[in-house]
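Welcome! Please have a look at the model below, and then we will walk through a few of its parts together.

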Amino acid sequence: MAKPSAPILFFNSLSRTIEPFTPIDPERVRLYSCGPTVYNFAHLGNLRAYVFTDSLRRMLNWKSYPVNHVINITDVGHLTSDTDTGDDKMEAAANRAKKTIWDIAHFYTEAFWQDLKNLNIFNPTIWSIATDHIEDMIAFARKIEAAGFTYLLDSGLYFDTSRLKDYGLLAGHREEEGVGRIDTVAGKKHPADFALWRRSAEGEKRQMEWISPWGLGAPGWHLECSVMSMKYLGEQFDIHTGGIDHREIHHCNEIAQNQAFTGDDKKTGANFWLHNNFLVDRSGKMSKSKGSFLTLSTLIEAGIHPLAYRVLCLSAHYRSELEFSQDNILAALTRLKRLVIGVGQLKKKIQKKTGSETEPDWLRAFDERSYSKGAPLDYQRELIETPLKKEALAILERFDQAVSNDLMLPQALPLLEETLGNKKLQPEEQLRLIASMDMILGLNLLHLDRASLNMRPKNASLLENNVLALLEERQIKRKEKDFAASDAIRDRLSEAGIDVLDGDPLGWEWRPQWNA
Ligand code: AMP
Ligand code: ZN
């Protein structure tokens with residue numbers, strides 16, 4: 001396929017409608033994603049937000065756009081409450097752990113990056129760290145102050161939201177029409193007003209505080225995203241992403257700051273605001289403040305390959321809630337295993353046909369690392385797709401339609417399975433199609449093998465070799481019709497946390513049980 005030609009459509013939270021997307025600069029898409037507050041491990045819900053932005057950026061690259069992608073790391077300023085009261089989340093975590101904030105930030109940032117790596121998420125062009133931009137934030141707030149959008153209280157410098165005629169547009173309503181916020185800061189003129197600078201209280205010693213025109217203190221959380229997005233992507237860029245919880249307050253406040261800074265109501269920061277919906281479990285939205293939550297390590301320690309979680313994310317549209325459950329994640333793992341086995345079988349067929357043990361040239365040359373830098377994928381994509389004929393191209397066109405239509409990945413994902421099962425295609429054509437689609441889906445299908453998916457839980461009583469030996473013994477007993485012995489082996493495996501799968505068409509013999 002030359003350039004994938006389906007028009008790109010996105011649901012823009014600003015207009016609450018589907019809009020055609022064209023970048024401001026035709027040569028480059030500028031994308032900003034709200035990053036994590038690094039006071040704890042990222043939970044699976046947080047990671048859904050980054051699988052979404054990674055898929056978005058991969059889709060744009062696949063559609064031949066280079067992407068400048070910025071993600072921030074919040075290591076200061078995010079309070080335990082959205083009402084400008086409570087402790088700074090970082091400060092509170094450091095005090096609890098009796099560590100410095102810097103240690104806490106470093107530790108959880110590294111853990112977050114490891115999670116992204118395990119999910120095959122590319123690094124953005126820039127990781128921007130909030131505490132590296134304090135001077136920029138002060139300068140930004142000074143300009144807003146000079147433009148008359150602020151007032152000063154003992155507790156700090158506040159943004160006066162009544163100065164903007166369309167404050168809260170992104171939330172779908174004006175603030176006085178009922179944003180559920182509580183005015184808990186003494187002296188605030190309006191419930192929605194928010195801190196640009198939080199002045200340290202008399203006698204209070206914070207670990208992180210900076211001198212500013214408004215006294216010793218720390219920036220308000222919303223400031224960092226306005227400042228860093230504008231610094232790296234310009235006053236008006238293309239797409240801003242975040243979880244749907246940010247649509248009501250954080251992003252409304254970012255927009256207010258951007259409009260006040262530029263003096264232009266139209267300069268909301270980004271033309272498109274895209275929000276992913278929540279990952280939920282039976283008890284509701286997964287959240288860090290609930291205390292116990294599921295992380296990617298929880299899955300890995302239970303013997304579930306992290307990319308099974310990526311499959312789960314791809315199986316729901318980003319604007320729908322996604323339910324996490326034991327059944328769902330195990331089904332996603334099975335789906336991944338089937339794909340990996342299917343790709344392995346294709347590779348074998350190709351080798352048999354060519355009589356060569358080595359992989360075809362195009363496959364060896366195909367290298368994720370070379371396109372993980374945000375460059376467009378057209379060169380690699382075209383290399384892979386050039387020999388494809390009508391039948392195969394028709395599948396790619398459907399894939400293009402799905403991914404271009406507000407990133408309909410749940411429609412795109414089954415095309416992998418359809419391709420694997422398509423008898424009209426040659427094995428090499430099938431593999432080429434899968435390589436192209438996986439550039440967006442990011443499941444590392446060309447490199448994962450069956451063995452790497454067979455992970456054992458951290459506290460497993462049986463190692464993989466023992467499992468395989470027992471399964472083999474069980475097959476022998478079944479052939480000998482010694483069902484009592486074969487059932488006993490099945491029970492033993494079950495006690496060790498393993499479900500035996502009989503008659504799996506792809507020859508997958510077992511899967512881990514999992515009880516979170
Ligand atoms: P935080 O570290 O809390 O600032 O959140 C990082 C990202 O995760 C933000 O974009 C949040 O909106 C998003 N997020 C938080 N909880 C969930 C959830 N349960 N499901 C999906 N995204 C979430
Ligand atoms: Zn943000």
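## The annotated binding site

Which residues does the UniProt annotation "binding site" cover? According to that unreviewed entry, they are Cys34, Cys225, His250 and Glu254. These residues are spread over 221 residues of sequence, yet they cluster in space, with a largest C-alpha distance of 11.0 Å. Keep in mind as you explore that this is a predicted model.

The protein has a mean pLDDT of 90, and 92% of its residues reach 70 or more. One stretch to treat with care is residues 174-180, where pLDDT stays under 50. For that stretch the model has 10 contacts beyond four places in sequence. Where pLDDT is low, the predicted coordinates should not be read in detail.

## Around the zinc ion

Now find the zinc ion (ligand 2). Its coordinating atoms are SG of Cys34, SG of Cys225 and NE2 of His250, at 2.1 to 2.2 Å. Written along the sequence, the spacing of these donor residues is C-x190-C-x24-H. Cysteine 34 sits in the loop between E3 and H1, while cysteine 225 belongs to helix H5, so the pair ties together parts that are 191 residues apart in sequence.

Cysteine 34 counts as buried because its relative accessibility is 8%, and cysteine 225 counts as buried because its value is 0%; the cut-off for buried is under 20%.

Cysteine 225, counted in the same way, touches Tyr32, Cys34, Asn72, His250 and Glu254.

## A five-stranded sheet

What is the order of the strands in the open sheet of five? It is E5-E4-E3-E10-E11, and the pairing is parallel. Strand E5 (126-129) and strand E11 (270-276) stand at the edges with a single partner strand each, so one side of each is left without a neighbour in the sheet. From one strand to the next, the twist averages 20°. Strands of a sheet pair through backbone hydrogen bonds, either parallel or antiparallel.

Let us zoom in on one pair. Strand E10 (residues 237-243) and E11 run parallel and are joined by six bridges. E11 is mostly covered, as six of its seven residues are buried.

## A methionine between two helices

Our last stop is methionine 408, in the loop between helix H13 (390-404) and helix H14 (409-412). Which residues does methionine 408 touch, not counting residues up to four places away in sequence? They are His317, Ala402 and Val403. Methionine 408 and alanine 316 are 92 residues apart in sequence, and their C-alpha atoms are 8.5 Å apart in space.

Technical notes. Residues are numbered from 1 along each chain as its sequence is written. Chains are lettered from A and ligands numbered from 1 in the order in which they are written. This is a predicted model: local features need pLDDT of at least 70, side-chain atom pairs count only at pLDDT 80 or more; totals for chains, interfaces and linings use all residues. Side-chain values use heavy atoms; hydrogens and water are left out. pLDDT is the predictor's confidence in each residue, from 0 to 100. Contact means heavy atoms within 4.5 Å. Helices (H or I, at least four residues) and strands (E, at least two) are DSSP runs, numbered from the N terminus. UniProt positions are given in the numbering used here, feature names are shortened, and annotations may be inferred rather than shown by experiment. Buried means under 20% relative accessible area, exposed over 50%, partly exposed in between (1.4 Å probe, protein chains only). Donors are N, O and S atoms within 2.8 Å of the metal (3.2 Å for Na, K and Ca); water is not among the atoms, so sites may look incomplete. Two strands pair if DSSP finds at least two bridges between them. Axes are lines fitted to C-alpha atoms, for helices over the stretch in contact, and angles run from 0 to 180 degrees between N-to-C directions.
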